[in-house]
Amino acid sequence: MEGKSMKSESQPLNAILLTKIKEFTRDLLLNLSNGHSPIILLDRFRNHCILPDSNCFCSSNLPCGKQVLTLCKETHVHRLDVMLRVLLIVQKLLQENKHCSKRDIYYMHPSVFLDQSVVDRAINDICVLMQCSRHNLNVVSAGNGYLMRSHSFMETHFSVRVNFI
């Protein structure tokens, strides 16, 4: 997996997140092996302005119920498939203490993800499940045209000869 390796003070948090990922996948597999359809509850959030009479863009996320994902709906199955694929990538990033952009994740399986927004939604779902931020998952956002890789530059010296007539 490509990505920038970072020595970080978040090693304990990485260990906590890896444990949460392990427990989540274990529970999922136990349900499936016992013949049960797993039920995944995600907090739903809504944005609203804290100053409703003003013309501003401030917002806060307040819980607004739960969303239930099961294997009974085809759309939920695809969403879980994408979430598990992204979760596997996140697990590897945390284990190797590397960082990756959302765009890099998208290009790992573009035929499955279909669109960048699918990856964004999966990352948001994982953040809700693991109760952490995207940054804690070692996933960064990179705009179009930006690179997220390890690079080294070599400086060269040359002389320019200018002739005046």
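Leu 114 sits in the loop between helix 4 and helix 5. Helices here are DSSP runs of H or I with at least four residues, strands are E runs of at least two, and both are numbered from the N terminus. Phi of Leu 114 is near 65°, a positive value in a residue other than glycine. Is Leu 114 buried or exposed? Exposed, at 58% relative accessibility. For the cut-offs, buried is under 20% relative accessible area, exposed is over 50%, and partly exposed is in between, with a 1.4 Å probe and protein chains only.

A word on the model. It is predicted, so local features need pLDDT of at least 70 and side-chain atom pairs count only at pLDDT 80 or more, while totals for chains, interfaces and linings use all residues. Numbering runs from 1 along each chain as its sequence is written, and side-chain values use heavy atoms, with hydrogens and water left out.

Next, Asn 138. Asn 138 also has a positive phi, about 65°, although it is not a glycine. Its place is the loop between helix 5 and strand 5, residues 139–140. Asn 138 is buried, with a relative accessible area of 3%.

Now the whole chain. There are five helices and five strands. Read along the sequence, the pattern is β-α-β-β-α-β-α-α-α-β. Of the 165 residues, 27% count as buried. Take contacts, meaning heavy atoms within 4.5 Å. Among those between residues at least 6 apart in sequence, 64% join residues at least 24 apart.

On to the core. A nonpolar core is a set of buried Ala, Val, Leu, Ile, Met, Phe, Trp, Tyr and Cys residues joined through side-chain atoms within 4.5 Å. The largest one has 30 residues. Those with the most contacts inside it are Ile 40, Val 86, Ile 105, Phe 113, Ile 123, Met 130 and Leu 137. Which elements give two or more residues to this core? Helix 1 (11–33), strand 2 (40–48), helix 2, helix 3, helix 4 (110–113) and helix 5. Helix 2 brings the largest share, nine residues.

Ile 40 is in strand 2 and counts as buried, at 5% relative accessibility. Ile 40 and Leu 69 are 29 residues apart in sequence, yet 5.0 Å apart in space, C-alpha to C-alpha. Leaving aside neighbours within four places in sequence, Ile 40 contacts Phe 24, Leu 28, Gln 67, Val 68, Leu 69, Leu 80, Met 83 and Leu 129. Then Leu 137. Not counting residues up to four places away in sequence, Leu 137 touches residues including Leu 17, Val 90, Ile 123 and Cys 132.

Helix packing. Helix 2 (residues 74–96) and helix 5 (residues 116–130) pack at about 75°, with axes 9 Å apart. Axes are lines fitted to C-alpha atoms, for helices over the stretch in contact, and angles run from 0 to 180 degrees between N-to-C directions. That makes helix 2 roughly perpendicular to helix 5. Under 35 degrees counts as roughly parallel, over 145 as roughly antiparallel, 65 to 115 as roughly perpendicular, and the rest as oblique. Residues making the contact include Val 82 and Val 86 of helix 2, and Ile 123 and Ile 126 of helix 5.

Last, Tyr 107. UniProt, in an unreviewed entry, places the feature "active site" there. UniProt positions follow the numbering used here, feature names are shortened, and annotations may be inferred rather than shown by experiment. Tyr 107 is found in helix 3, residues 102–108. Tyr 107 is exposed, with a relative accessible area of 53%.
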